[in-house]
Amino acid sequence: MIQGKVALITGASSGIGRATALALSKAGAKVAVGARRTDKLEELAKEISGRGGEIFHKKLDVTQRRECDEFAKEVLEKWGSIDILVNNAGLMPLSFFKNLKVDEWDRMIDVNIRGVLYCTAAVISHMREKKSGHIVNISSVAGRIVFPAGSVYCATKHAVAAFSEGLRQEFSVRSGIRVTSIEPGVVATELNDAITDESLKGFVENAKKMEALQAQDIAEAIVYATGSPQHVNVNEILIRPTTQER
């Protein structure tokens, strides 16, 4: 059951994070949303509170451990619990390795891996103490396969998938903390906007032509996993558009 639970969602200013906040709120959760774009968070807060939902929003850069810790602390002070963590913040600046876009690699590693670690670290002691909780990590189909121009991005998403399984083994049996890795295929979000490699223009255009998944599709998967009975641990959900081959 989701009713009355507190969900912390990163990268909630748009796309999957925003859709997840709306879906979990509709299911009865109190939602704490963080992102760098505070204007988008304010718009989301107005929408949720206008529907009678409870929401807390705060600027959050997941690459800064102090901000992750402070965010969790403020949510606990406000509502006394964090029951669900959705590690959604992520970047996908695909590029061929030979083009040496090192700054993009660094940023992707910081957000896609360190951000997941920092936010999980910020809530894990609380969840262990109460012997319950649910950690949802947004990986990708790229966490299962590797494709040209995706070597670094795929590496980060393989890391998220491995981290999720490690969390499950360490905390599910001993502390009652469930762990779910969500692995979307092509989703109609802003992720492709981060691609600066000119040689990938064709890839981006083809992705736009595909009947992609919508952010709401992923949000519904998260609601399913987090709304399952406590004895059910939905560990992985791989979701592709019907027309996506790989």
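These legends go with a handful of close-up views of a predicted model.

**View 1. The largest nonpolar core, 35 residues in all.** If you want to know who has the most contacts inside this core, look at Ile 9, Leu 24, Val 31, Val 33, Leu 44, Val 86 and Ile 218. Two or more residues come from each of these elements: strands β1 (6-10), β2 (30-35), β4 (84-87), β5 (133-138) and β7 (236-239), plus helices α1 (15-26), α2 (38-50) and α7 (215-227). There's also a second, separate core of 26 residues, with Trp 79, Val 123, Ile 135 and Ile 177 among them.

**View 2. Val 86 and its contacts from elsewhere in the sequence.** Skip the neighbours within four places in sequence, and Val 86 is still in contact with Leu 8, Ile 9, Thr 10, Thr 20, Leu 24, Val 136, Ile 138 and Ile 222.

**View 3. Ser 181, sitting in strand β6 (residues 177-184).** Ser 181 has a relative accessible area of 2%, so this one counts as buried, the cut-off being under 20%. Not counting residues up to four places away in sequence, Ser 181 touches Asn 137, Ser 139, Ala 161, Ser 164, Asn 235, Glu 236 and Ile 237.

**View 4. Leu 100, a residue with positive phi that isn't a glycine.** Its phi is about 50°. Leu 100 belongs to the loop between β4 and α4 (102-130), and is exposed, with a relative accessible area of 55%.

**View 5. Lys 131, in the loop between α4 and β5.** Here phi is near 55°, a positive value in a residue other than glycine. Lys 131 is exposed because its relative accessible area, 54%, is over the 50% cut-off.

Key:
Residues numbered from 1 in each chain as written. Predicted model: local features only at pLDDT ≥ 70, side-chain atom pairs only at ≥ 80, totals over all residues. Heavy atoms only, no water. Core = buried A, V, L, I, M, F, W, Y, C linked by side-chain atoms within 4.5 Å. Buried < 20%, exposed > 50% of the residue type's maximum accessible area, 1.4 Å probe, protein only. Helix = DSSP H or I, 4+ residues; strand = E, 2+ residues; numbered from the N terminus. Contact = heavy atoms within 4.5 Å.
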